[in-house]
Amino acid sequence: MHDSAKGQTPVVSAKGPPTGLRAALILFATNGALFGVWVVRIPDIKLALGLSEAHLGMVLLAAAAGAVTSFGLSARAADHWGAGRVTLAFGLAMALSLPLLAIMPGAVALAATLFVFGAAGGSMDLTMNAYGTEVEKRAKRSRMALLHGSWSTGMAASAGIAYAGAARLPVLTHFVLGSAFGLTAFAVAGWLVVSPERQPGGAGKRSALIALPHGPLIGVAIITGIAFMTEGAGMEWSGVYIRETLGGTVEHGALALLILSGGVMAVRLVGDVIIERIGAARAAQCCAVLVIAGSLVAGLTQSPAVALAGLGLMGMGLSLMAPICFSRAGQLAESGSGEAVAAVSMVGYGGILLGPVVMGLSGEAFGLSISFTLLSIGGAALLTLALRRGTLSPAAA
């Protein structure tokens, strides 16, 4: 017998419809973890293949190139089939391609495999950010910093596990274990994704295969590009810098990534509160100052410990740039969020294309200490752009 038939008032849950936040947290964290497994072993692969700084920079270019070339189709797929579902597919491809990176016999083969890994990981990055903007719209509040904090948590966890001993494992064993974790996490996320349906705009205007920013998105995209260039250079070269230039150990190399990503994570986990309290533009300005300070500290010292502190400051500074920019792209989206995020991501990954390569070339010519010092120029550019009224805030004046 139903409760209503007994004269009892039915219990109505005050809980609203699901926003998809749990699935998004898993997707972001797992993407960060898989990327972290790769990044933390870059110094070992560099040594195993006998690559110079310039050659490694060119090899790393392949991953970003794979991401950029896949963005148009990824955005169209996200707007047509739903960003959550498409993100899962790219995540599976990323996890399955990770172990292949450990068995490549030379630079050319590694670059080709990185192109595939980068296409899967970059496409996942794009579509999970599009999914994140949908979560924000359903929740009616800022969630992007928390989601990017989850990504940083995954990255930091990978670095922490490597520091605790995984960096001493054979690279193939390490990558296979990482792949198995990724496949398991994506299986769990598959049960929690909220938006398998077509996204707004998916049934109408089709996303462009080459999504370019226009109007207010241009300023947002430029900030994203500079931030990604600085972040990519710092993350992919910090381990090499600490180990080879400053004479650190294998564990110190893993600790470099852990501290850099830990700085990013610490701020992002409280970033939504910061953004809601002081506004996106002011938060970005404060972060840019930290990028300048951190890169100067890291580059101007000969002490691994001081350099690690500088990397932590730089990570804190880079923390909110991507969440703020992707959230702003979602706010400015004219149709499906996938195309707007793709336009910003295209420029962002253009920065990732340049960052590691420029870092490698400048490191070859001047040394990595000077290269890290020069990252302060990127911080100064971020500060200048963030001071422009209306770029990062919905309220233009």
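A cavity is a set of grid points where a 1.4 Å probe fits but cannot get out. In this predicted model, a search of the whole structure turns up two cavities of 30 Å³ or more. The second largest cavity holds about 40 Å³ of space, and helices H1, H8 and H9 (250-268) each supply at least two residues of its lining. Sorted by class, the lining of the second largest cavity comes out as six nonpolar, two polar and one charged.

The largest cavity has a volume of about 450 Å³. Its lining is made up of 28 residues, and Phe-35, Asp-125, Trp-151, Tyr-349 and Ile-352 sit nearest the centre. Helices H1, H3 (53-81), H5, H6, H8, H13 and H14 (337-366) each give two or more residues to the lining of the largest cavity. H5 gives the most, eight residues. By class, 17 lining residues of the largest cavity are nonpolar, seven are polar and four are charged.

With 33 residues at 1.5 Å a residue, H5 should span 48 Å, and its end C-alpha atoms lie 46 Å apart, which agrees. Most of H5 is covered, with 24 of its 33 residues buried.

The largest pocket contains about 290 Å³. It is lined by 20 residues, with Glu-136, Ser-142, Ser-327, Arg-328 and Gln-331 nearest its centre. Helices H5 (107-139), H6 (144-164), H10 (271-278) and H13 (321-332) each contribute two or more residues to that lining. Here H13 gives the most, six residues. The lining of the largest pocket has eight nonpolar, seven polar and five charged residues.

Finally, the aromatic rings. Three aromatic pairs are found in the whole structure. In one of them, the rings of Phe-35 and Trp-151 have centres 6.2 Å apart and planes at 35 degrees, so the pair is tilted. Phe-35 belongs to H1 (residues 21-40) and Trp-151 to H6, so this pair ties together parts 116 residues apart in sequence. Trp-151 counts as buried, at 10% relative accessibility. The rings of Phe-228 and Phe-326 have centres 6.1 Å apart and planes at 65 degrees, so that pair is edge-to-face. It links distant parts of the chain, with Phe-228 in H8 (residues 217-245) and Phe-326 in H13, 98 residues apart. Both Phe-228 and Phe-326 are buried.

Technical notes
Residues numbered from 1 in each chain as written. Predicted model: local features only at pLDDT ≥ 70, side-chain atom pairs only at ≥ 80, totals over all residues. Heavy atoms only, no water. 1 Å grid on protein atoms, 1.4 Å probe; cavity = no way out; pocket = protein on both sides within 12 Å on 5 of 7 lines; lining within 4 Å. Points joined across faces, edges and corners; volume = space filled by probe spheres on them. Helix = DSSP H or I, 4+ residues; strand = E, 2+ residues; numbered from the N terminus. Nonpolar A, V, L, I, M, F, W, Y, C, P; charged D, E, K, R; others polar. Phe/Tyr/Trp six-rings, centres within 6.5 Å; stacked < 30°, edge-to-face > 60°. Buried < 20%, exposed > 50% of the residue type's maximum accessible area, 1.4 Å probe, protein only. Expected span 1.5 Å × (residues − 1).
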